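Subject: A structure for you to look at

Hi there,

Here is the structure I promised you, together with its sequence. Please open it first, and then read on for what turned up in it.

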Amino acid sequence: MTRRPAMVAWGTAGGVWTLTILSWGYAGWGLPQGFPATLILGALPVGLVLAAMIGRLAQRRFFDDTIIDGQPFPPGSGAEIDQRVLTNTFEQALLAVLIWPAAGLLIAPAMPVALGLGFAVTRLAFWAGYHAAPHLRVFGFAGTFYPTVLAGLWAAWQTLLQLL
């Protein structure tokens, strides 16, 4: 498969994942229901994934004399890839912090938990995909970005309906 068709396939899988996560959060199957506790529980997997990524970069620095003193990571190195993954994950986490509370309040109390668990799984897929082959990261990106954005649009729609 060439890159673009593979990226479309992985992006489509991310779209299916998105619908699954949003449906799960809306239905709340097996998820806690008490808001704002669900917001805290939804943030926990995000924090744990960020901690793993930060820890991996710290480990790389500690065991590599060429970067131990804070030097830039060599382009294309595993550490440089991990830094890119961490940066994108932080950006995605910021979106989550700004959107998930509204999703939990306006759509379903369990929504932040489903989004948080989905975030952790797809960020790990993004990380692994980035190391395996850059185009394989598409599922992880789509599976993190789309649920958050669609939950935000859904919450905005709910707000608009309440105002009308």
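A word you will need throughout is contact, which means heavy atoms within 4.5 Å. Helices (H or I, at least four residues) and strands (E, at least two) are DSSP runs, numbered from the N terminus. Please keep in mind that this is a predicted model, where local features need pLDDT of at least 70 and side-chain atom pairs count only at pLDDT 80 or more, while totals for chains, interfaces and linings use all residues. Residues are numbered from 1 along each chain as its sequence is written, and side-chain values use heavy atoms, with hydrogens and water left out.

**The overall picture**

Of its 164 residues, 40% count as buried (under 20% relative accessible area; exposed is over 50%, and partly exposed lies in between, with a 1.4 Å probe and protein chains only). Among the contacts with a separation of 6 or more, 74% come from residues 24 or more positions apart.

**H3 and H4**Which residues of H3 meet H4? On the H3 side they are Gly78, Ile81, Asp82, Arg84, Val85, Asn88, Thr89, Gln92, Ala93, Trp100, Ala103 and Gly104, and they meet Met111, Pro112, Leu115, Gly116, Phe119, Arg123, Phe126, Trp127, Tyr130 and His131 in H4. The axes of H3 and helix H4 (residues 111-132) come within 11 Å and cross at roughly 165°. Axes here are lines fitted to C-alpha atoms, for helices over the stretch in contact, and angles run from 0 to 180 degrees between N-to-C directions. H3 and H4 are therefore roughly antiparallel (over 145 degrees; under 35 is roughly parallel, 65 to 115 roughly perpendicular and the rest oblique).

Thr89 is buried, with a relative accessible area of 0%. Leaving out residues up to four places away in sequence, Thr89 touches Val49, Leu50, Met53, Phe119 and Arg123.

**H1 and H5**

Helix H1 (residues 3-27) packs against helix H5 (residues 138-163) at an angle of about 45°, and their axes are 8 Å apart. That makes H1 oblique to H5. On the H1 side, the contact includes Met7, Trp10 and Trp17, and on the H5 side it includes Phe139, Tyr146 and Trp154.

**Aromatic rings and a cis bond**

Trp10, Trp17 and Phe139 form one aromatic cluster. The whole structure has 8 aromatic pairs (ring centres of Phe, Tyr and Trp, its six-membered ring, within 6.5 Å; planes under 30 degrees apart are stacked, over 60 edge-to-face and the rest tilted). The rings of Phe62 and Phe63 have centres 4.9 Å apart and planes at 90°, so this pair is edge-to-face. Both Phe62 and Phe63 are exposed.

Finally, look for the cis peptide bond that joins Phe35 and Pro36, with omega about 15°. Pro36 sits in the loop between H1 and helix H2 (37-62). Most peptide bonds are trans.

Happy exploring!
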